[in-house]
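Please look over the sequence and the three-dimensional structure below before reading on. The briefing is meant to be read beside them.

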Amino acid sequence: MKQRGFTLIELLLALIVSGILAHLAVPSFKHLLQSQQRHSAAQSLVGGLRFARTEAIAHNRAVVIHALGDDWSRGWRVILDLSGRGHLDEDNPVLLEHQDSGQVPMVGNGPVKNQVRFSGLGEPVFSGGGFRAGTVHVCTTDQAESLYQVVLAPSGRISLRSDRAEQALCRSYSGSLALRAASEPAAPWAWRK
């Protein structure tokens, strides 16, 4: 009676081939995951801005969306600005909050550096009253390059663009991300305020 099965050499050869294939696939998979994280972070911010604008129109009052810790990559909070002091007033009600890991670099230009205020008409305004427009860039971690742009128009329209372009604002952020990652604990609940 002849036995059927695999020899030890055939099993080892199959194991080696599958190991080589896995080794080749891991970098591509890692790149795919990072790309999805960046796109998800951009989509989340767009959703938050649209929510803030809608709530401002619905309540006919100023609504502020601000970056947590003055850093969009850590998340954002939408508040109904009853006092006119924005996020500085703890008594203003929080409408929505989104926390993130801070691993996806996001940086805004001057007008939207760390907050956006919508008037009761849904227009982005400065606290003094002038119209505001700007762009939040979703950057790569290793280069000074913007992959996604969350664009806020003076009319209040919010759009997401995916133009790959060199961005000076991303340059200043890439070094601080590595420094912050090395100096902070990996678990969000272990962060100190």
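What follows is a short briefing on the fold, the core, the surface, the salt bridges and the disulfide.

This is a predicted model, in which local features need pLDDT of at least 70 and side-chain atom pairs count only at pLDDT 80 or more, while totals for chains, interfaces and linings use all residues. Residues are numbered from 1 along each chain as its sequence is written, and side-chain values use heavy atoms, with hydrogens and water left out. The protein contains two helices and 10 strands, where helices (H or I, at least four residues) and strands (E, at least two) are DSSP runs numbered from the N terminus.

**Overall fold**

- Along the sequence, the elements of the protein come in the order α-β-β-β-β-β-β-β-β-β-β-α.
- Of the 193 residues, 38% count as buried, where buried means under 20% relative accessible area, exposed means over 50%, and partly exposed lies in between (1.4 Å probe, protein chains only).
- Among the contacts (heavy atoms within 4.5 Å) between residues at least 6 apart in sequence, 53% join residues at least 24 apart.
- The protein exposes about 11900 Å², and carbon and sulfur atoms supply 57% of that area; accessible areas come from the Shrake-Rupley method with a 1.4 Å probe, and for residues only the protein chains shown count as cover.

**Nonpolar core**

- A nonpolar core is a set of buried Ala, Val, Leu, Ile, Met, Phe, Trp, Tyr and Cys residues joined through side-chain atoms within 4.5 Å; the largest one has 26 residues, of which L45, L49, I65, W72, M106, F118 and V150 touch the most other members.
- At least two residues of this core come from each of helix 1 (8-59), strand 1 (63-67), strand 2 (75-80), strand 5 (115-118), strand 7 (134-139) and strand 8 (145-152), and helix 1 gives the most, with seven residues.
- When residues up to four places away in sequence are not counted, L49 touches I65, V116, F118, V150 and I158.

**A buried serine**

- S159 belongs to strand 9 (residues 158-161) and is buried, with a relative accessible area of 12%.
- Leaving aside neighbours within four places in sequence, S159 is in contact with R50, Q149, V150 and V151.

**Nonpolar surface patch**

- L13, I16, V17, I20, L21 and L24 form a nonpolar patch on the surface, with about 590 Å² of accessible area together; patches are made of residues with over 30% relative accessible area and no salt bridge, with like charges joined within 9 Å and nonpolar side chains (Val, Leu, Ile, Met, Phe, Trp, Tyr) within 5 Å.
- L21, one of the patch residues, is placed in helix 1 and counts as exposed at 52% relative accessibility.

**Salt bridges**

- With a salt bridge taken as a side-chain nitrogen of Lys or Arg within 4 Å of a carboxyl oxygen of Asp or Glu, the count comes to four.
- One of them joins the side chains of E97 and R77 (2.8 Å, N to O), and this pair links distant parts of the chain, with E97 in strand 3 (residues 94-99) and R77 in strand 2, 20 residues apart.
- E97 is partly exposed, with a relative accessible area of 34%, and R77 is also partly exposed, with 25%.
- Another joins the side chains of R117 and D81 (2.2 Å, N to O); R117 lies in strand 5 and D81 in the loop between strand 2 and strand 3, so the pair ties together parts that are 36 residues apart in sequence.
- Both R117 and D81 are buried.
- E145 forms a salt bridge with R164, with the closest N and O atoms 3.2 Å apart; E145 lies in strand 8 and R164 in the loop between strand 9 and strand 10 (165-166), so the pair ties together parts that are 19 residues apart in sequence.
- Within this pair, E145 is buried, with a relative accessible area of 15%, whereas R164 counts as exposed at 59% relative accessibility.

**Disulfide**

- The structure holds one disulfide, a term used for a pair of cysteine sulfur atoms within 2.5 Å, and it joins C139 to C170 (S to S 2.0 Å).
- C139 lies in strand 7 and C170 in helix 2 (residues 168-183), so the pair ties together parts that are 31 residues apart in sequence.
- The torsion about the S-S bond of C139 and C170 is about -70 degrees, so the disulfide is left-handed.
- C139 is buried, with a relative accessible area of 0%, and C170 is buried, with a relative accessible area of 0%.
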